[in-house]
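Thanks, everyone. I'll take the ligand site to begin with, then an aromatic pair and some backbone details.

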Amino acid sequence: MTLRDDVEGIDAAILMASKVWEASGHVENFTDPLVDCRNCKARFRADKAEKNKDGKLMCPECESTNVTEARNFNLMFKTFMGAVEDSAATIFLRPETAQGIYVNFHNVQQSTRRHLPFGIAQIGKAFRNEITPGNFIFRTREFEQMEMQYFVRPGEDEKWMEFWKQARWDWQLSIGLDKNKLRFHPHGEGELAHYAKAAFDIEFEFPFGWSEIEGVHNRTDFDLGRHQQFSKKNLQYVDLLNNNEKYLPYIIETSAGADRTMLAVLCNAYQEDKANERVVLKFHPSVAPIKLAILPLSKKPELESIADKVFKDFQQSYKIQYDDSGSIGKRYRRQEEIGTPFCITVDFDSLNDQAVTLRHRDTMVQERVSLDKLKNAIDDKFKNWK
Ligand code: GAP
């Protein structure tokens, strides 16, 4: 977000007045249709269950069709504010970070003196009482969202929708996701959320099938309009560049899950290299948790002093692991398994030639690089990563 000069950051509240969730439509609409199986007592989502050949809903546990009618179940977690636990004190844990941005739109716009178009972004926890959490961290009840709301002049929304679809697609590629495992899924009529005029999911091909990792939505002026109506506060934008016209901006939203992205990154990177009997996480360097490993071949002080110096020289620029235990082969395997792009080995020749071995995780190719050229060589390899 700091790389864009048209986006501000915010850290909004997790607990907000329940009126916020009435205004957003979540109290009324944020529901899953739930069905109970009379036979095995399982509870499941009607929209995810299969039907038999007569078109009757089947229980996913026991395949019985003796099931109840679907009832809407709200996914928001409730809690109470203050000392009294009655309905007036009921509040909700936020099911999306977006609403915290909408209720702060005016404050941010006024305090930063922004003209449209501009965005407000935040990363933070969201909570949903999911009925069927699972697939590891794909669907959990507590998860991290990375959302950005981009405020635009009505009429320019479709243009900006296209812009953000492309920008988010490019971002998914920039973290190393394979373009053959990514696709857009446009929402059809019945799929659109209550707030959306148009919506596209970016889907990733997980081992369990194609599933959404991010949504790009045209939310129109629905959200600001509803917050204006429920709060009775004027949220109109005064367009100083267009004859002081007053209007509610349209919103293009990009909404990604950090956990789901992480799962996609892990699935994308995991490779069993049978020929070399190794498991490698082929992370793009931008998401590799450790960028470099420094491996002195022995614990002899002469070698360690060179390794320590390399460590100190690189520490400010890269997240590094220093490992001097076990055979060098085992140490390489360890780094491959956590996805470290490069290993730097300090060996006995280093004492004479003032050079080290640079080993590439994916190709296992080793090259000799002199210490005075090492920093440039590594910076270059990260910059021109393929
Ligand atoms: N503000 C719009 C919004 O929240 P969403 O499609 O419901 O849209 C956006 O959620 C993203 O949040 C999803 O693409 C997904 O990455 C993530 N997400 C949603 N529910 C999740 C859950 N239960 N567990 C993990 N991630 C989830």
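The side chain of glutamate 212 has an N or O atom 2.6 Å from an oxygen atom of the ligand. Bear in mind that this is a predicted model.

At threonine 140, a polar backbone atom is 2.7 Å from a nitrogen atom of the ligand. At glycine 257, a backbone N or O atom lies 3.0 Å from a ligand oxygen. As for cover, the ligand on its own has 560 Å² of accessible area, and the protein covers 93% of that.

Which pocket does the ligand take? The space it takes is the largest pocket. S12 gives the largest share, with 5 residues.

There are 21 residues around the ligand, and the ones that come nearest are Glu96, Thr140, Glu147, Glu212 and Glu253. By type, the shell divides into 10 charged residues, 6 nonpolar and 5 polar. So much for the ligand.

Next, aromatics. The structure holds 19 aromatic pairs, and I'll show one of them. Tyrosine 318 and phenylalanine 382 have ring centres 5.0 Å apart. Why is this pair classed as tilted? Because the ring planes are at 40 degrees, and planes under 30 degrees apart would count as stacked, those over 60 as edge-to-face.

Last, the backbone, with two places to look at. Leucine 116 and proline 117 are joined by a cis peptide bond, with omega at about -5 degrees. Proline 117 is in the loop between helix H4, 105–112, and strand S8, 118–127.

The other place is asparagine 244, a residue other than glycine with a positive phi, near 55 degrees. Asparagine 244 is also in a loop, the one between strand S13, 237–239, and strand S14, 245–247.

That's what I have; questions are welcome.

How values were computed: Residues are numbered from 1 along each chain as its sequence is written. This is a predicted model: local features need pLDDT of at least 70, side-chain atom pairs count only at pLDDT 80 or more; totals for chains, interfaces and linings use all residues. Side-chain values use heavy atoms; hydrogens and water are left out. A residue is near a molecule or strand if one of its heavy atoms lies within 4 Å of it. A polar contact is a pair of N or O atoms within 3.5 Å; within protein, one must be able to donate a hydrogen and the other to accept it, and residues adjacent in sequence count only if both atoms are side-chain atoms. Accessible areas come from the Shrake-Rupley method with a 1.4 Å probe; for residues, only the protein chains shown count as cover. On a 1 Å grid over the protein atoms alone, a cavity is a set of points where a 1.4 Å probe fits but cannot get out, and a pocket is an open set with protein on both sides within 12 Å along at least five of seven lines; lining residues have an atom within 4 Å of a point. A molecule sits in a cavity or pocket if more than half of its atoms lie within 2 Å of its grid points. Helices (H or I, at least four residues) and strands (E, at least two) are DSSP runs, numbered from the N terminus. Ala, Val, Leu, Ile, Met, Phe, Trp, Tyr, Cys and Pro count as nonpolar, Asp, Glu, Lys and Arg as charged, and the others, Gly among them, as polar. Rings of Phe, Tyr and Trp (its six-membered ring) pair if their centres lie within 6.5 Å; planes under 30 degrees apart count as stacked, over 60 as edge-to-face and the rest as tilted.
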